[in-house]
Amino acid sequence: MRILVFEPLKEPYVKDIEDDIQAMQEVVGGSIEPIYFVQTNDALCWCNDEFLLNGSKPNRIVGNTLVHGTFYISGNCLNEYGEWDSCSLADKQIEKYKQQFDHIIVDLPGIGLVAVRETRPEVIEPEETEFEQTL
């Protein structure tokens, strides 16, 4: 199954996993829980259901949920039994969700958690002032 993985402070990436519960849990590091975030019902977000309890770092906002820790998005389709089931994402979905979740969550001292639309942050050193140069 082809999925899109989101780790805190990193760009998303495509990963192929087996279509079973163990492989799904391995990606998120524990028990999984779905987040239904699209009205079309063609994709699901899967996260660790204990992300608020296990000290995971804030990752991204999915729907109305601030998800902590690694999560992934899979397709959602009807299986041969007429039940909803996870399935591979199409190329078009991968691009759509990369763009939709192109933000990261950072904790700024004195401000708190902020969503930033840059997945490759860089540290910008402050310029020296004239006073500092004379010291």
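1. Y97 is buried, and F101 is buried as well, where buried stands for under 20% relative accessible area, exposed for over 50% and partly exposed for what lies in between, with a 1.4 Å probe and protein chains only. The model is a predicted one, in which local features need pLDDT of at least 70 and side-chain atom pairs count only at pLDDT 80 or more, while totals for chains, interfaces and linings use all residues. Residues are numbered from 1 along each chain as its sequence is written, and side-chain values use heavy atoms, with hydrogens and water left out.

2. The structure holds 5 aromatic pairs, a pair being two rings of Phe, Tyr or Trp (its six-membered ring) with centres within 6.5 Å, called stacked when the planes are under 30 degrees apart, edge-to-face when over 60 and tilted for the rest. In the pair F37 and F101 the ring centres are 5.6 Å apart and the planes stand at 65 degrees, so this pair is edge-to-face. Because F37 sits in the loop between β3 and β4 and F101 in the loop between α2 (91–100) and β9 (104–108), the pair ties together parts that are 64 residues apart in sequence. Both F37 and F101 are buried. Y97 and F101, by contrast, form a stacked pair, at 6.5 Å centre to centre and with 25 degrees between the planes. One aromatic cluster is formed by F6, F37, F71, Y97 and F101.

3. Helices (H or I, at least four residues) and strands (E, at least two) are DSSP runs, numbered from the N terminus. In α2 the buried residues are Q93, I94 and Y97; they cover an arc of only 100 degrees around the axis, which puts them on the same side of α2, the arc being that of the directions from the helix axis to the C-beta atoms. D91, K92 and Q99 are exposed on the other side of α2. The buried residues of α2 pack against β1, β2 (13–16), β4 and β7, with contact taken as heavy atoms within 4.5 Å.

4. Helix α1 (residues 21–28) has A23, M24, V27 and V28 buried. Viewed down the axis of α1, these buried residues fall within an arc of 130 degrees, so they line one face of the helix, whereas the face turned away from the buried side carries the exposed residues Q22 and E26. The cover over the buried residues of α1 includes β1 (2–6), β3 (32–35), β4 (43–48), β7 (71–78) and β8 (84–87).

5. Just after α1, G29 takes a positive phi of about 80 degrees.

6. N59, placed in strand β5 (residues 58–62), is buried, with a relative accessible area of 0%. A polar atom of the N59 side chain lies 2.9 Å from the backbone oxygen of F6. Leaving out residues up to four places away in sequence, N59 touches F6, E7, P8, V67, H68, G69, T70, F71, I104 and I105.

7. The count of disulfides comes to 0, a disulfide being a pair of cysteine sulfur atoms within 2.5 Å. The sulfur of C47 is 5.5 Å from the closest cysteine sulfur, which belongs to C45, and this is too far for a bond. C47 is buried, with a relative accessible area of 1%.

Conventions
Polar contact = N/O pair within 3.5 Å; in protein donor to acceptor, adjacent residues only side chain to side chain.
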